[in-house]
Amino acid sequence: MAALGFSAGLPLLLIFSSLSLWLGEAGVERRAVTFFSWAALAYSFKFIWAPLVDRLPLPGLTARLGRRRAWLLLAQLGVVGAILGMAATDPAQGSAALARMAAFAVLLGFMSATQDIVIDAYRIEIAPPAWQGVLSSAYIAGYRVGMVVAGAGVLFLASAWGSSKGAYDYAAWGAAYATAALAMAVGLVATLVAPEPRVPQAAVPRPSSAHGRLLAVFLCAVAAFVAVFWGVGQGWEPSEAGQATRGPLLTLALEALRLALALAAAFGLGALLVRAGVASRDAARETWVEPVLAFFVRHGWADAVLLLAVVGLYRISDIVLGVISNVFYQDLGFSKPDIATAVKTFGVVVSIAGGFLGGVLATRLGVLRALWWGAVLSALTNLGFVALALVGPERAMLYAVVAADNLAAGFASAAFVAFLSSLTQVRFTAVQYAIFSSLMTLLPKALGGYSGGMVDALGYPGFFVLTTLLGVPVLVLVSWVGRRMAKPASGNVPTA
């Protein structure tokens with residue numbers, strides 16, 4: 001699981017922070033960089049094609065490797081191909097090269113999100129609930145190391161091989177990305193040597209011709225989404241004067257409307273194709289509707305809503321703060337080397353330790369108790385940022401705050417992953433977990449977009465106190481779930 005976590009964490013920063021620095025050194029204007037935000041959509045909407053990953057067999061691969069490892073190998077090969085495609089593209093060569101880079105970034109996001117779907121399903125199916133805490137902590141540790149390699153590692157290589165701001169060298173960046181593609185061998189080897197999970201035969205969908213038609217409907221819906229999203233964006237692109245007058249709230253509203261229109265087009269076309277008989281209605285229902293209904297039937301509507309509320313709010317305290325944490329460090333007067341050393345290196349090591357601690361305690365104390373303590377620690381450690389804001393740029397205080405924050409984040413993440421794993425059913429492992437993992441960041445990230453305005457209104461100390469208070473409803477919800485699940489009629493979430 002640590003090796004698979006490494007291969008899951010590696011692609012993320014190759015799409016975002018590392019790529020943005022590459023584009024900046026290549027002289028790409030800041031407005032054009034937003035073109036690459038398409039790549040992030042795959043992570044938010046992976047639950048849409050997760051049912052296909054659950055149900056579609058891969059010709060030649062599924063028979064040899066099994067349902068999970070076949071898809072895992074395909075996704076990892078897709079990740080390697082996308083990274084190599086980016087490495088072979090120089091974004092400084094004009095709009096055509098920039099469009100190719102964007103296409104490879106979108107492909108990387110799609111294949112990486114698909115890899116996440118399969119790894120999550122694999123982890124849940126390979127071991128009983130009592131082991132999920134340990135497995136999730138190993139996965140998170142590998143994931144963090146993968147992010148370090150893709151972030152600090154790629155930047156170090158590109159710099160060491162001769163590229164810098166004002167002295168751009170494509171060969172350095174290309175070689176650094178090619179090295180990252182080579183590092184994916186860790187995950188590929190793990191996929192080839194790992195055992196296939198043993199699940200009841202009744203839980204494995206049987207191959208049928210309906211699967212190919214479902215795939216066709218999905219691809220047509222994706223094409224509709226891309227066409228509308230891109231077309232509307234072209235029509236709404238403001239002039240330079242318009243950009244100056246368009247405020248952040250109006251921009252956010254327009255982008256949300258743009259996304260809603262694209263999603264409506266995709267779902268609408270998919271529904272029309274199903275009605276037209278391109279795909280079986282029964283097959284579409286089994287693929288996309290039954291996994292959701294099964295969750296509500298299993299837990300009951302009242303408990304299901306309560307559990308989804310916990311999923312959607314659990315990470316709100318640390319995600320909202322994390323959006324602006326690096327800006328806070330800079331505003332306080334810390335240098336970039338100080339931030340890189342304290343946050344990107346020391347903080348990652350501490351978060352790995354916190355992840356293992358959370359996994360062990362989830363196994364020893366039970367998932368819900370570990371979840372409650374994770375929520376407490378995530379909220380309380382935010383008060384350390386208040387102290388840092390009042391003290392100023394003291395390096396010892398910075399390390400203390402980073403240590404506490406990352407220890408709590410690692411602990412809470414491991415406990416939360418174990419909790420999500422306990423909610424899924426083997427029959428719908430991939431799609432249900434994909435829905436949970438998409439839901440858990442939706443509201444926190446949306447609220448985090450306003451963190452700058454909150455700081456302007458409240459100041460940093462007031463903002464950090466607010467993020468602490470955001471954790472209080474989470475504690476209430478987790479305690480409520482604990483009481484509900486303790487009743488014999490509602491005992492669907494394991495406590496150990």
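Tutor: The mean pLDDT of the protein chain is 81, and 85% of its residues reach 70 or more. Where pLDDT is low, the predicted coordinates should not be read in detail.

Student: How many aromatic pairs does the count come to?

Tutor: The count comes to 20 aromatic pairs. One of them joins Phe-328 and Tyr-329.

Student: Why is the pair of Phe-328 and Tyr-329 called tilted?

Tutor: The ring centres lie 5.8 Å apart, and the cut-off is 6.5 Å. The planes stand at 45°; stacked requires under 30 degrees and edge-to-face over 60, so the pair is tilted.

Student: What makes the pair of Phe-328 and Phe-464 edge-to-face?

Tutor: The angle between the planes is 80°, and over 60 degrees counts as edge-to-face. The centres are 4.9 Å apart. This pair links distant parts of the chain, 136 residues apart: Phe-328 belongs to helix H17 (residues 316-332) and Phe-464 to helix H23 (residues 451-469).

Student: Why is Phe-328 called buried?

Tutor: Its relative accessible area is 1%. Buried means under 20%, therefore Phe-328 is buried. Phe-464, at 0%, is buried by this rule too.

Student: Which residues form one aromatic cluster with Phe-328?

Tutor: Tyr-329, Phe-385, Tyr-460, Phe-463 and Phe-464 form one aromatic cluster with Phe-328.

Definitions and conventions:
Residues numbered from 1 in each chain as written. Predicted model: local features only at pLDDT ≥ 70, side-chain atom pairs only at ≥ 80, totals over all residues. Heavy atoms only, no water. Phe/Tyr/Trp six-rings, centres within 6.5 Å; stacked < 30°, edge-to-face > 60°. Helix = DSSP H or I, 4+ residues; strand = E, 2+ residues; numbered from the N terminus. Buried < 20%, exposed > 50% of the residue type's maximum accessible area, 1.4 Å probe, protein only. pLDDT = per-residue confidence, 0-100.
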